[in-house]
Amino acid sequence: MMWTQRGPERTALLAAVVLAGAVVAVARAQQPPALETLQVQHNVYAIFGGGGNVTVQIGDDGVLLVDSGTTASVEAIVAEVRKLSKRPIRFLINTHLHADHTGGNVALARAATDPLEPLNIIGHTRVLSRMTAALPAFKPGETTGGAERLRGLPIDEYFTASKDMRFNGEAVVLYHEANAHTDGDSFVLFRGSDVVSAGDIFTPGGYPFIDIANGGTVQGEIAALNHLLQLTVPGHTEEGGTYVVPGHGRICDEADVVEFRDMIVIVRDRVRDMINKKMTLDQIKAARPTRDYDPQYVTPTSFVKADQFVESVYRGLTR
Amino acid sequence: MRSKFLNACAVLAVAAILSPSRASAQADFSGHWAPLFHEDNPERLPGPELGDYLGIPLSDAGRLRADSYDADRISVVQEYQCRPHAGDYMMRGLSNMRVDAVRDPVTSRVVAYHLRMGFQEMERTIWLDGRPRPSANAPYTWSGFSVGTWQDNVMNVYTTHLKENYIRRNGIPASDKRTFTEHWVRHGNYLTVQTVITDPVILTEPLVRSQTWVLDPTQTMGRDICETVPEVPKAADVVPNHLPGTNPFLTEVADWYGLPAGATRGGANTMYPEYRKTMPKPANPPPAMCMRYCNCGMNGAGCALQ
C-alpha cells in the first residue's frame with residue numbers, strides 16, 4: 001500500500017531504503033571474509049574463502065602453509081590456522097605470484113618475529129623474479145629499507161625441476177610446472193598425507209586462467225594436469241585416494257582432474273582445428289568453441305569468461 | 001462408571017496393538033534385489049546406440065558434449081577404465097543390488113540403507129537420520145550424498161555432491177551440478193525406484209526414469225575387481241573426441257531403426273505427444289523385421305547384431 005503513494009513520503013521512503021542498502025553493503029564490505037576450514041586428509045587441511053585456497057599442514061614441527069590468500073583476508077586465515085595449531089608458521093610456499101595467493105605474505109612475514117623459529121617463504125625462482133620486478137624502484141639516493149622491500153618475497157626460491165623437504169614427519173615435494181598457468185607454478189605434494197596442493201593450474205568449476213603475460217600456455221597447462229594425474233592414485237572405485245586442493249573450488253580427486261584436463265584438451269583441439277582453417281581470433285570467438293562447457297565453467301562471478309579462455313588457448317597455440 | 005472406563009481403556013489398548021506403528025508402516029528395503037530389464041532394455045543391457053538421444057531433454061550444451069564423445073575415450077584414457085556408475089545411473093545399470101539396513105543399536109530404528117552393487121563394487125548410503133549435508137567445498141563422490149525421508153511407506157531420497165558421470169552410456173554426460181530425487185516403493189517382492197534428475201548444464205527439464213527390481217534371496221554378491229591398464233599407446237595430451245560437426249556415427253540410429261533423424265537428437269520438444277504433429281518423416285522406412293538386439297538376454301547373450 002505504501003508503494004502506491006505518490007509524493008514526498010514515497011521519495012523519503014525510497015531514499016531511506018537506498019541508504020539502508022548502502023550501509024549494509026559497506027558493512028558487508030568491511031566484514032572479514034567468511035572462511036571455512038576442512039580437513040583434507042591426515043594432517044593436511046584447506047581454508048576456503050580467503051581469495052585462493054590455502055592449504056595447511058600441521059604437526060610438531062609447526063605449521064606449513066601453501067599460499068597466503070588475499071591481503072584483506074590474511075588475518076582471518078591466521079585465525080583459522082590458530083584453531084588447528086598454536087605452533088609457529090614455519091613455511092609458506094607460494095604456488096605462483098598472483099595476489100589472491102600471495103597477498104598475505106607480507107603480514108605473515110611481519111608476524112614471524114622469533115629468530116629461532118623463522119618463517120621461510122618458498123617459491124619457484126620465476127615467482128621471485130616477477131614479484132621482485134613488480135616492486136617500486138629505489139629512489140635516487142635511497143639506500144635503506146631494502147629488508148622491508150624484501151619482506152614477504154619467496155626468497156627461499158628454487159630453480160630446479162623439483163625441491164623436497166621433510167616437515168612434520170612427512171616428505172613435502174615441490175614440482176615446478178613450466179609455462180602452465182604461469183611460468184612459475186608449483187605443485188606441492190604431501191607424500192605421507194597423500195594430498196597435492198595444485199594452485200591455479202587446477203580450478204574446477206571455472207576455466208583456467210592461463211596467464212600469457214606471465215608465461216602461461218595451454219600446452220603447459222595440459223602437461224601440468226597430466227603430471228598431476230601421475231601424482232594422484234585413486235582409491236577403491238576410482239575415487240578418493242590422493243586428494244587435490246585446487247587453487248579455487250572444492251576438494252577434488254583424480255577423477256575430477258581428468259574431467260578438467262579433458263575439457264581443456266577438447267577445447268584446445270577445437271581451437272587448433274579452427275586455426276588450421278585460417279580462422280582469425282575474432283572468428284574463433286564468434287564460433288564459440290566452448291559453448292557446451294560454458295554452462296558448467298562460467299557463472300556471473302567467474303574470473304575467467306569464455307572468450308578470455310578461448311583467447312588464451314589461441315595465443316598459446318599461435319605464439 | 002468404572003466398568004465403562006475399563007472398557008474404554010481395553011478398546012484403546014487393543015487398537016494400539018492392532019494399529020501399525022509409524023515405524024512398521026515404513027517399507028523394509030533390505031535384501032538382495034535383481035534388476036528387471038523390461039524397461040529400456042536395449043539401453044540398459046547391451047548398451048545404447050551412439051547418437052541415440054531419444055527421450056532425453058538435452059540442452060544444446062548437452063547435445064554438443066554428447067556429439068563430441070568418442071567411445072575410444074573409455075579405453076584410451078586409462079582413468080576411465082574402472083569408473084563405476086554414479087548414484088543416479090547405478091540404479092539403472094546392469095547390476096544386482098544388496099540393500100542392508102543400518103540400525104541404531106539402542107532403538108533398532110533404521111538410520112540408513114547401505115547399497116552395494118555388483119558392477120565395480122559400487123556402494124551408496126542413504127541416510128535417514130536427518131544429518132546435515134556436507135559443505136559445498138567437500139569432495140564430491142560417484143554416489144553423492146543421499147538423504148531419505150518417509151512419506152507413508154514411500155522413501156523419498158534427495159542426492160547432491162555428485163561427480164561428473166553420464167545420463168546415458170553413449171556419451172550423454174551428467175554434470176557435477178546435477179541433483180536427483182528418488183521415490184522408493186515396495187510392492188511385495190517388487191521394488192520400483194523412480195529417479196528424477198535435474199541437471200542445469202545438460203538438461204532443460206527434469207529427466208524422469210524408473211527401474212524395477214525383484215527380491216532374490218538366493219542371490220550371492222561376488223567381487224568385481226578392476227585394474228586399469230594401458231591398452232593402447234597414446235600421447236599424454238590425447239583425449240579422443242569428435243570435433244563439432246564431424247561425428248560420423250550420429251545418424252546410424254535413425255537409419256537402422258527407420259526413425260526421423262530429428263527425433264534421435266533429443267530435446268524436450270521431442271518428448272511429448274504433440275511432437276508427432278511436426279515430426280519429420282524418416283529418411284529410411286523402419287525395417288520389416290527386427291535387425292538389432294532382437295533376442296537379448298542377460299548380459300547381452302543372444303543379441304543378434306546384423
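Here are some questions and answers about a predicted model with chains A and B.

Q: What ipTM does the model score?
A: Keep in mind that this is a predicted model. Its pTM is 0.90. The ipTM is 0.90.

Q: Which residues of chain B have pLDDT that stays under 50?
A: Chain B has a mean pLDDT of 90, and 89% of its residues reach 70 or more. There is still a stretch where pLDDT stays under 50, and for it the model has 2 contacts beyond four places in sequence. That stretch is residues 16-23 of chain B.

Q: How much of chain A is made up of buried residues?
A: Chain A holds 11 helices and 13 strands. Among its contacts with a separation of 6 or more, 65% are between residues 24 or more positions apart. Of the 319 residues in chain A, the buried share is 46%.

Q: Is E2(A) largely enclosed or exposed, and why?
A: E2(A) spans residues 44-48 of chain A. A residue counts as buried with 20 or more other C-beta atoms within 10 Å of its own. Since 5 of the 5 residues of E2(A) are buried, the strand is largely enclosed by the rest of the structure.

Q: Which residues of E2(A) point the other way from A:Val44, A:Ala46 and A:Phe48?
A: In a regular strand, side chains alternate between the two faces of the sheet. In E2(A), A:Val44, A:Ala46 and A:Phe48 point one way, and the residues on both sides are buried. Pointing the other way are A:Tyr45 and A:Ile47.

Q: Which residue takes a positive phi near 50° in the hairpin of E1(A) and E2(A)?
A: E1(A) and E2(A) pair in the antiparallel sense, over 5 bridges. Across that pairing, A:Gln41 stands opposite A:Val44. The hairpin has 2 residues between the strands, and the one with a positive phi near 50° is A:His42.

Q: Which residue in the turn between E2(A) and E3(A) has a positive phi of about 105°?
A: On this side, E2(A) runs antiparallel to E3(A), with 4 bridges joining them. A:Val44 turns up again here, standing opposite A:Gln57 in E3(A). The hairpin has 5 residues between its strands, and the turn residue with that phi is A:Gly49.

Q: Which helix is among the elements that cover the buried residues of H2(A)?
A: The buried residues of H2(A), which covers residues 74-84, are A:Val74, A:Ala76, A:Ile77, A:Val78, A:Glu80 and A:Val81. Strands in their cover include E1, E2, E3, E4 and E5 of chain A. The cover also includes a helix at residues 105-111, namely H4 of chain A.

Q: Which element gives the most to the side of chain A that touches chain B?
A: Across the interface, 30 residues of chain A are in contact with 32 residues of chain B. Elements giving two or more residues to the chain A side are E1, H7, E13, H8 and H10. With 11 residues, the one that gives the most is H8(A).

Q: How many residues on the side of chain A that touches chain B are charged?
A: That side of chain A has 12 nonpolar residues and 3 polar ones. The charged residues number 15.

Q: Which residues does B:Met271 touch, not counting those up to four places away in sequence?
A: B:Met271 sits in the loop between H6 (261-264) and H7 (275-278) of chain B. With 16 other C-beta atoms within 10 Å, B:Met271 is partly exposed. Its C-alpha atom is separated by 15 Å from that of B:Asp40, 231 residues apart along the chain. The residues that B:Met271 touches are B:Gly55 and B:Pro57.

Note on methods:
Residues are numbered from 1 along each chain as its sequence is written. Chains are lettered from A and ligands numbered from 1 in the order in which they are written. This is a predicted model: local features need pLDDT of at least 70, side-chain atom pairs count only at pLDDT 80 or more; totals for chains, interfaces and linings use all residues. A residue is buried if 20 or more other C-beta atoms lie within 10 Å of its own, exposed if 12 or fewer, and partly exposed in between; C-beta atoms are placed from the backbone. Two residues are in contact if their C-beta atoms, placed from the backbone, lie within 7 Å. Ala, Val, Leu, Ile, Met, Phe, Trp, Tyr, Cys and Pro count as nonpolar, Asp, Glu, Lys and Arg as charged, and the others, Gly among them, as polar. pLDDT is the predictor's confidence in each residue, from 0 to 100. Two strands pair if DSSP finds at least two bridges between them.
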